[in-house]
Amino acid sequence: MAAETTALGWWGVLLAIVAGTMRGGTPFLFVSLGECLTEKSGKINLGLEGTLLTGAMTAYAISYLTGSPWLGVLMAGLAGLMLGAIHGWLSQQPRVNDVAVGIAMIVFGSGIAFFLGKPFIQPSAPQLPTINLSNAAMPPALQAALQISPLFLLGLGIAPLMSWFFRSTRWGLYIRAVGDSPDAARAMGVSIFKVRLLSVMIGSFLAGIGGASLSLYYPGVWTERISSGQGLMAVALVIFAGWKPVQCLWASLLFGGAQALGPALQSVGIQEGYYLFNAAPYILTLLIMILTCSPKRTLSGVPGALGTDN
Amino acid sequence: MRLHLSRRQVIRGLLATTAFGATVKLGTGCAASSSDTVATDDQPITLGFIYVGPKDDYGYNQAHAEGAAQIESKFSWVKLSEEANVPETTAVAESMRSMIDSDGAQVLFPTSFGYFDPHILKLATEYPEVQFFHCGGLYQEGVHPKNVGSYYGYIDEAQYVAGIVAGLTSKTGKLGFIAAKPIPQVLRNINSYTLGARSVKPSTTTQVIFTGNWAEPIKEAEATNSMVDQGIDVVTCHVDSPKVVMETAEKRSIFCTGYHANQSALAPKGYLTGAEWDWANLYAQIAEDVKAGKTLTEGGIPHLLRGGLKDGFCKVSDYGLAVSSEAKQAADEAKAKLMDGRLVIYKGEIKDNTGAVVVAANEELKQLDPKLESMNYLVEGVLGSVGS
Amino acid sequence: MSWRTIAWRKTLESTLIPFGAILVGLLLFGVFCAVAGANPFAVYGSIWKSAFGKWSTFQNTLIRAAPLMLSALCTALPARLGLVIIGNEGALVMGGLAAVSIGLAIGTAAPPLMVQIAMGLAGMAAGGIWIAFAGALRHYRAVNETISSLLLNYIAIALLNHLVGGPMRDPSSLNKPSSYPLAAVNMLGTIPGTRVHWGLVYGLIACIIAYVLIQRTTFGFAARTAGGNIRAARIAGLPVGQLTLIICFLAGSCAGLAGMVEVAAVQGSVNESLNVGYGYGGILVAFAARHNPIAAIFMALLVGGILASGGSLQRTHGLPDATVLVFQGLVFLVVLYSDSLYGRFSFFKEKPQLVAPPSPPPSPGQESVIVS
């Protein structure tokens, strides 16, 4: 027991941030990739916060009931898919605003997750196995930091895949067309309704998996406070990333690392102002938006139909 | 008009049906003895419990809810009216009012600290016949309404004992404490834990990390991890739900001591011991007092109910596998001394971690001392600051 | 004659559709309760009884509705300009912080009425500036106002926690870090004969003013025009930037006033209880009311009622605390959906000739059949 550890001091802060990027960044990665796909098709889904919670609860419950965490991950994605179907269908009805539906879906999704999740707060569910990239010669702290979640690797793979999908496949083109200029898409004979519905659903599937990473990997529990707003932040992250999947990856790592900053700084003696440290990612995002946006030109990568009624 | 009346009658009828259904359910759910005690002299007493979070948070709220559930099954004449996730706004005032008006609650237990001022104080003036027992508040004679009482446990006694175990188990001499906010109840736990550890190993330090909120699972996990990276090998916490801290500590192969409830199942290898609430004793005592016709208003029940290990308000978890016999012995000894009053935790001279004397050399702050309930310092040996 | 018929049908449409939607929402919730093992009819009875049934319980609904009315305007007003603002929570928090700061700074040096007015103005100014900032970013830097106002929420809450935990903290607030309390004389009382605080009256007045401003003034007309088509508005010479800033300021000041009411009528000091979701509730109220300030009053009452019934769902029916979230979510999803039903029923369409007394409108159940 109690491995012989040595104090790492400021190296510990660095290590915490690096490890935190991978641990805490994984849910951000999945929700932001999901939101990116959704927004590319021209719809916003603010309801991913509810999807994330439902995903976290479903994954934990299924893993506990069946003993298979991977089945939990799959079911979390499917639960997300169902919530996405509601959002995708409802937000495309005439005069129905997608931001409003998103907020209603947060209430509904979290309600469902909390309602069904009550019996699963107490028990410990089997966790996803981690992949060990370290060797025994490394210091224990580094060994712990190198326990990588397969979900993180999965997300790492999905990001470039999604980039390629948008750039080089027919379906990717459809989604971009629907998101950029629905009229052109209509002329191509693409069903805007179907493309958007599918995009929102697949996006929510990913967000559901993001929830699974919260409850089955890090921090690895199911409680009603498991998400600290990662789902809502996805929308900001995607803007931060300029609607580019690979940049979603960097943005997620940054946000994940920022979550580790406050506790890590306190552990080396910087004790005051932690509320402000914790708000750093939001301030940073706002600043970057202010600096990169301009009324003279539209942001590169922004889907043209985003936030409009068609 | 006619339609309105008839609809009302329908609703009333429906309500009556469900009420009947509920009674039947209760009747069959209780033990056989309860059915024959339902006599005319056994007037049921309705107790209202209000929780700030979900009832099953593996922590603070659950400890209260379990206490409530235990007295409900213990006494056939206790009826519970419970509401969870009630924010500290007008919502709690309305919940209390509704419990009194609709459910006929005679005794209320609003269990969150933030319910006290202004919500409980306002309702207590409005309903002088209802008894309000508030957890954690400080009743002030002459300032607060007479039908308000406050109860709280010296769980820091259990933390002191846990600190002894932690101090004697730690190899690095560095303990970690993950806390939500620098408030007196939390600071007292951190200080007692540290004083306990330093009473057996004076060189021990406790690193404290404040997460800023009562439930921040990711930050709690990050805090635990960064503590391990700094060479800390025993952690404990004061947050709403200690589950994350315990499981993360176990994953990183360090020791932990629990809080609120027994978390040994979450960390079978590293769980040393823990400070647990045990509200059932107190709740049972209050219920029986009320049953006997005693009230806060007339002074039959004291306005300040405080107790520690001796009074059964809290307890120390059973020692885990990793606890040495030496540590067990030291801890048991301290526990015995705390219970018979020979040991006073806050006995001078105690300095805070900036070097200022907070308890003078000849001063002895007994547990009931109100000074302890407004603690605003961290004792020598704690690495951290009370500022936010 | 025929003009009156049209108006009558339109009014009927805009009354029956939301009502039908609420009924469908209730129906779905009933099914949910039945699945969860509670008797839906008994649940309906409890909801009615605990939210609207008696004057005493209706006051519970009114108390909960008051902050929602003010908070809803923070989304409803900018929506007329085509902006989707969700920074209600942040503006509310900033309003509460500013109101307490002014209230504490003046203390008892001025008559209570003056202090209250100063607190109200401070709250409105702080909330207004907070949202006007999002509006300015939109206009001058083309920053998406939805996202910026969302981020501003998090920043305001962090600021609140920081100030209350440190610089503004009253050391005697012990286990719930709070600012120093406002002097008791400076607190807003309750409306005589009720236990409802004056925030309700503020909310009602604000909604009525907002309605008049948007629907009956040239300013409102300009805003609605600009909201309809920003490019056309620019060509027509409308000062779009000014409109954006003014509307956003007014919107934020409503939420800021809600924050002031929360501290000056309920809490008595500023602490983390300021951030309990009135902001997000307000967004839903605004959308469900189709950004009509008068309709927002009724939607706020509906949400107030749902929240008020949450307690009895737990206590009478043994349903978990999350049930009220499901209830709220279902009702809102259906109400939002109902927005798409306008103009889909031939019954509500204008008819060239007078018709015989109308047959009963289609029941909600039939409505869903027509969905394309």
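**Entry 1: ground rules.** I call something a salt bridge when a side-chain nitrogen of Lys or Arg lies within 4 Å of a carboxyl oxygen of Asp or Glu. This is a predicted model, where local features need pLDDT of at least 70, side-chain atom pairs count only at pLDDT 80 or more, and totals for chains, interfaces and linings use all residues. Residues are numbered from 1 along each chain as its sequence is written, chains are lettered from A and ligands numbered from 1 in the order in which they are written, and side-chain values use heavy atoms, with hydrogens and water left out.

**Entry 2: chain C against chain B.** How many salt bridges cross between chain C and chain B? I get 5. Over all chains, the count comes to 25.

Another pair I looked up is C:Arg195 with B:Glu94, whose closest N and O atoms are 2.5 Å apart. C:Arg195 sits in the loop between α6 and α7 (199–216) of chain C, while B:Glu94 belongs to helix α4 (residues 90–101) of chain B. My helices (H or I, at least four residues) and strands (E, at least two) are DSSP runs, numbered from the N terminus.

Next I took the whole interface. With contact meaning heavy atoms within 4.5 Å, chain C puts in 33 residues and chain B 37. Buried area is the accessible area (1.4 Å probe) that two parts lose on being put together, summed over both. Here I read about 3,000 Å², with carbon and sulfur atoms giving 52%. On the chain C side, C:Leu174, C:Asn175 and C:Arg315 lose the most area to chain B, and together they make up 25% of what that side buries.

I also find 12 residue pairs in polar contact between chain C and chain B (both at pLDDT 80 or more). That term means a pair of N or O atoms within 3.5 Å; within protein, one must be able to donate a hydrogen and the other to accept it, and residues adjacent in sequence count only if both atoms are side-chain atoms. Which helix of chain C gives the most to the side that touches chain B? α2(C) does, with 6 residues.

**Entry 3: chain A against chain B.** Here the contact takes 50 residues from chain A and 49 from chain B. The buried area is about 4,000 Å², and carbon and sulfur atoms give 53% of that. I count 2 salt bridges between chain A and chain B. B:Asp56 and A:Lys118 meet in a salt bridge through their side chains, at 3.7 Å from N to O. α1 (10–40), α5 (140–145), α11 (245–267) and α12 (274–278) of chain A each supply at least two residues of the side that touches chain B.

**Entry 4: the 6-stranded sheet in chain B.** Two strands pair, in my notes, if DSSP finds at least two bridges between them. This open sheet runs β2-β1-β3-β4-β5-β11, with parallel pairing.

Strand β1 (residues 45–50) of chain B is joined to β2(B) by 6 bridges. At one spot I see B:Ile50 opposite B:Glu83 in β2(B).

**Entry 5: the 7-stranded sheet in chain B.** This open sheet goes β12-β10-β9-β8-β6-β7-β17, and its pairing is mixed. Strands β12 (314–316) and β17 (382–383) of chain B are at the edges with a single partner each, so each has one side with no neighbour in the sheet.

β6 (residues 174–179) and β7 (residues 205–210) of chain B run parallel, joined by 6 bridges. Within that pairing, B:Gly176 has B:Gln207 as its bridge partner in β7(B). Helix α7 (residues 184–200) of chain B packs on this sheet, and its direction makes about 170 degrees with that of β6(B). For such angles, axes are lines fitted to C-alpha atoms, for helices over the stretch in contact, and values run from 0 to 180 degrees between N-to-C directions.
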